[in-house]
Amino acid sequence: MGQNSSQGGKMTTPVRVIVIGAGNRGNNYSHYASIHPERVKVVGVADPRKFARTKLQQQHKVVDENIFEDWPSVIEREKFADAVLICTPDRLHKEPAVAFAQKGYHILLEKPMATTAEDCRAIVEACTQSGVILSVGHVLRYDPLIHMIKELIDAGVIGDVMHIQHFEPVGFYHFAHSFVRGNWRNEAESSFSLLAKSCHDIDLIHHWAGAHRCLKVSSFGSVSHFGKKHKPTGAGDRCLDCAIEKDCPYSARKIYLDRVKQGHTGWPVSVICQSSDPDIESVTEALKTGPYGRCVYECDNDVCSNQVVNMEFEGGLTAAFSMVAFTEEICNRKTTIYGSKGELSYDSREIRVFDFLTQRSTTHMPRNDAPKHFGINGHGGADYHLMDAFISAVANNDPSLIRSGPEETLQSHLLVFEAERSRLESKVVYCGNIGQSWKTEKTLT
């Protein structure tokens, strides 16, 4: 395969990719091929849902023989692509990742890497032993603003980092969609919310901390509000049949049906219809019979709706993270990093640095050349930049272009698992070196 890179190298042939999982993320990532057909070509699709795989097949003109109902069928074939985009449900990451690595495919793996520490380690080991590139979908690492935060820290503009305060507002209807009614509502079917939603954020804190190793972590959180005991009097089991629906901010009619009536067919509306494109009729039927039409107080959700994580790193650096479901803003993170020489603040729109010596503020706005409306709102064009970096890395056989590679991603995932263990066991977790057992001590009181 010849070089083909917007980050260096001369284009010759497109990188060939297979999409494993043709849902929302598979569609988002593969859309890069529609924008840059000279750089990447989708040559295969695997998904058990006929509508999903056929839709992606038609978008990318994939031949019938390369359309599969499951990923093992792809493995059985001789290798016919350079890379795979693994966008399967969280609990179905480890087996295909290991299998495709052993087959010699480079891998873009949607986050989280896997749902257990053991599975994460197995993926990293398989990719390392097979010599393939692994990029994990920590898309925020590729957000130009967030990347600039790291550059400013490394340049010493705020001196030594003393404390990191990071906040993720999930958004009231986003949480109801994904974590009460949707695919990530139940830990047994997916994963806990700190891993599913906020492994991005713990990864960023770990990244900003640099060479400072995390020494200990504690966490608190719970399932709040979304349960039977909070169901309003007179509420129905489904929003379309509910007498008080008009007074409920979590109404499925408001979140989905009213949106499609206004011509909005993207996320979250695009997710709820399994066998057709969303329109008034298909959305209405989905709300009558499917999971997204259920009352938010009558679902089988068991994942945290708010959670805090506190961390202490080497050198006295501390960090605090909060994830909250009940917010106006949707995933527009806010961060303040306190240093010995200044303070850096970030609001998902710009970076402001206050210098203690001059007592002046400087605003930073990096260039972002990602196409508008590519990927998910709240990701700042990062979905595009992640794909751009992955394709460049594969085309040039240069793993250094990956900002979310195997080892550092494994370390930040281990930190997530230990934070959740702290929450469940009400104990401070003392962190060992990567690969060693982490130990738990001191019951929190």
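Two strands pair if DSSP finds at least two bridges between them. Helices (H or I, at least four residues) and strands (E, at least two) are DSSP runs, numbered from the N terminus. With that rule, Val-15 has Val-40 as its bridge partner in β2.

This is a predicted model: local features need pLDDT of at least 70, side-chain atom pairs count only at pLDDT 80 or more, and totals for chains, interfaces and linings use all residues. Residues are numbered from 1 along each chain as its sequence is written, and side-chain values use heavy atoms, with hydrogens and water left out. The confidence score, pLDDT, is given by the predictor for each residue and runs from 0 to 100. The chain has a mean pLDDT of 92, and 93% of its residues reach 70 or more.

Start with the sheet. Six strands form an open sheet in the order β3-β2-β1-β4-β5-β6, with parallel pairing. β3 and β6 (134-136) stand at the edges, each with a single partner strand, so one side of each is left without a neighbour in the sheet. As a rule, strands of a sheet pair through backbone hydrogen bonds, either parallel or antiparallel.

Now follow β2. Strand β1 (residues 15-20) pairs with β2 in the parallel sense, over six bridges. Strand β2 covers residues 40-46, and six of its seven residues are buried. Buried means under 20% relative accessible area, exposed means over 50%, and partly exposed lies in between (1.4 Å probe, protein chains only). Strand β3 (residues 67-68) also pairs with β2 in the parallel sense, over two bridges. There, Val-45 has Ile-67 in β3 as its bridge partner.

Helices link these strands. β1, helix α1 (residues 24-35) and β2 make a right-handed β-α-β unit. From β2 the chain crosses through helix α2 (residues 50-60) to β3, and this β-α-β crossover is right-handed too. A crossover is right-handed if, with the strands pointing away from the viewer, the path from the first strand over the helix to the second runs clockwise.

Arg-53 lies in helix α2. Its relative accessible area is 10%, so Arg-53 is buried. Beyond four places in sequence, Arg-53 is in contact (heavy atoms within 4.5 Å) with Ala-22, Val-45, Asp-47, Pro-48, Ile-67, Phe-68 and Glu-69.

Next, Tyr-105. This residue is found in the loop between α4 (94-103) and β5 (106-109). Its relative accessibility is 0%, so Tyr-105 counts as buried. Leaving aside neighbours within four places in sequence, its contacts include Ile-18, Phe-80, Phe-100 and Val-132.

The aromatic rings come next. Rings of Phe, Tyr and Trp (its six-membered ring) pair if their centres lie within 6.5 Å; planes under 30 degrees apart count as stacked, over 60 as edge-to-face and the rest as tilted. By this rule the count comes to 16 aromatic pairs. In one of them, Phe-175 and Phe-226 have ring centres 5.9 Å apart and planes at 20 degrees, so the pair is stacked. Phe-175 lies in helix α7 (residues 172-181) and Phe-226 in the loop between β8 (214-222) and α10 (252-261), so the pair ties together parts that are 51 residues apart in sequence. Phe-175 counts as buried at 2% relative accessibility, and Phe-226 counts as buried at 5%. Both belong to a cluster linked by ring pairs, whose members include Tyr-173, Trp-184, Trp-267 and Phe-326.

Charges also meet rings. A charge sits over a ring if NZ of Lys or CZ of Arg is within 6 Å of the ring centre and within 35 degrees of the ring normal. Arg-259 lies over the face of Tyr-173, at 4.3 Å from the ring centre. The charged end of Arg-77 sits over the ring of Phe-80, 4.5 Å from its centre.

One stretch calls for caution. Over residues 434-441, pLDDT stays under 50, and the model has 27 contacts beyond four places in sequence for them. Where pLDDT is low, the predicted coordinates should not be read in detail.
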